[in-house]
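Here are a few notes to read alongside the structure. Have it open and follow the points one by one.

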Amino acid sequence: MILEDNIIEVNSLEYFFGEVKAVDSISFTVREGEIFSFLGPNGAGKSTVINILTTLLPIQKGSARIAGFDVKDDPEKVRESIGIVFQELTLDRDMTVKEILEYHGRLYSMPKTSRQERIDELLDLVELEEKRDTLTRHLSGGMKRRLEIARGLMTRPKVLFMDEPTIGLDPQTRIRIWEYLRNINKQGTTIFLTTHYMDEADQLSDRISIIDNGKIIVTGRSWELKNALGEDLIYLETSDNRAAAETLKKLDSVRGIREKTKGIVVMVNVDGTYLLPEMMDRLRSAGIKIKAVNLKKPSMDDVFVHYTGREIRDSGAEKISVAVLRAGGR
Ligand SMILES: Nc1ncnc2c1ncn2[C@@H]1O[C@H](COP(=O)(O)OP(=O)(O)O)[C@@H](O)[C@H]1O
Ligand SMILES: [Mg+2]
């Protein structure tokens, strides 16, 4: 099913917390049926954007439309069209799994029969049938997250908004949650999610916006973003990295060179397996000793470092020294 309609349209959105500019002139669109991710470090402005789009924070400047409704003028209609999963767990510990979903359905005035039907469907989808009468306080972290996703889907929303859907979960649980989300998406729900996990954005999304300091830096499909860095990345440690960069940037197939702490990364437009021997010959002729070599395909981490100049660490973003030297003649 290919639908070209934009189900989310955001125009020049800005948001200030006092003096702090949390969102800085953000514009983007999400097509119906897409999984779209905001990828960025802590403090990038992801939660603020999601909170504005879901009407939890007011629109200060700019505009947004969800499922055809203006977020500022028609917040009720927007709320009826969406489901939300928050970054923090928000389940009532003293309610059972079924009661949580029941309560949510009643809150949205769902009739009893469709409520029961939907609960059965969703508990099946997130594999929590056996926990139906269990108090949420007795669920594991992964089960709680699955229950929150089920709750977000209770009213059959057109768009599911999820702020860091797998934050703090173990790798296996995260992979399972990705599978549920793919299923939900296949059944027709558009998904907008935020994450600071590279692999989550990479493996789950149709398109990704990298966001940093309240701004969208770049948007694209995962392979487009990676291809933009070159076909291969060659990491080199040499006796003189600066001289090595000067020598190699003269090569036609070299797209760019990035300095790392101890070496350089050469972005190349061709299969690095065959370019590497030539590179090594050139360096040796220039009297440069090679200490270490590594060849790999660009990853989402490389994309992130390339566009933001830093890596995402779980403890927050950390600056590393990066400089991009343009290849000659390009
Ligand atoms: N309630 C708040 N009051 C003041 N500043 C806030 C508040 N919430 C977020 N911020 C600030 O806004 C910026 C963006 O935060 P946030 O949207 O939570 O980022 P992210 O979700 O990407 O980690 C940060 O600088 C953060 O400190
Ligand atoms: Mg956040």
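1. Let's start with helix H11 (residues 300–308), which lies across S3, strand S9 (207–212) and S10. Its direction is at about 40° to S9. Keep in mind that this is a predicted model.

2. Now for the sheet itself: it is open, has six strands in the order S6-S7-S8-S3-S9-S10, and the pairing is mixed. Strand S6 (82–85) and strand S10 (215–220) are at the edges with a single partner strand each, so one side of each has no neighbour in the sheet. From one strand to the next, the twist averages 15°.

3. Take a look at S6 and strand S7 (residues 159–163): they run parallel and are joined by four bridges. Val-85 sits opposite Met-162 in S7. Helix H6 (residues 171–186) packs on the sheet too, touching strand S3 (35–39), S7 and strand S8 (190–195).

4. On to charges: there are 25 salt bridges. In one of them, Asp-94 pairs with Arg-137, with the closest N and O atoms 2.2 Å apart. Asp-94 is in the loop between S6 and helix H3 (97–107), and Arg-137 is in the loop between helix H4 (112–125) and helix H5 (141–153), so the pair ties together parts 43 residues apart in sequence.

5. Which residue does Arg-174 form a salt bridge with? The partner is Asp-199, with the closest N and O atoms 3.2 Å apart. Arg-174 belongs to helix H6 and Asp-199 to helix H7 (residues 198–204), 25 residues apart. Arg-174 is buried, at 9% relative accessible area, while Asp-199 is partly exposed at 28%.

Technical notes. Residues numbered from 1 in each chain as written. Chains lettered and ligands numbered in written order. Predicted model: local features only at pLDDT ≥ 70, side-chain atom pairs only at ≥ 80, totals over all residues. Heavy atoms only, no water. Pairing = 2+ DSSP bridges. Helix = DSSP H or I, 4+ residues; strand = E, 2+ residues; numbered from the N terminus. Axes fitted to C-alpha atoms, helices over the stretch in contact; angles between N-to-C directions. Contact = heavy atoms within 4.5 Å. Salt bridge = Lys/Arg side-chain N within 4 Å of Asp/Glu carboxyl O. Buried < 20%, exposed > 50% of the residue type's maximum accessible area, 1.4 Å probe, protein only.
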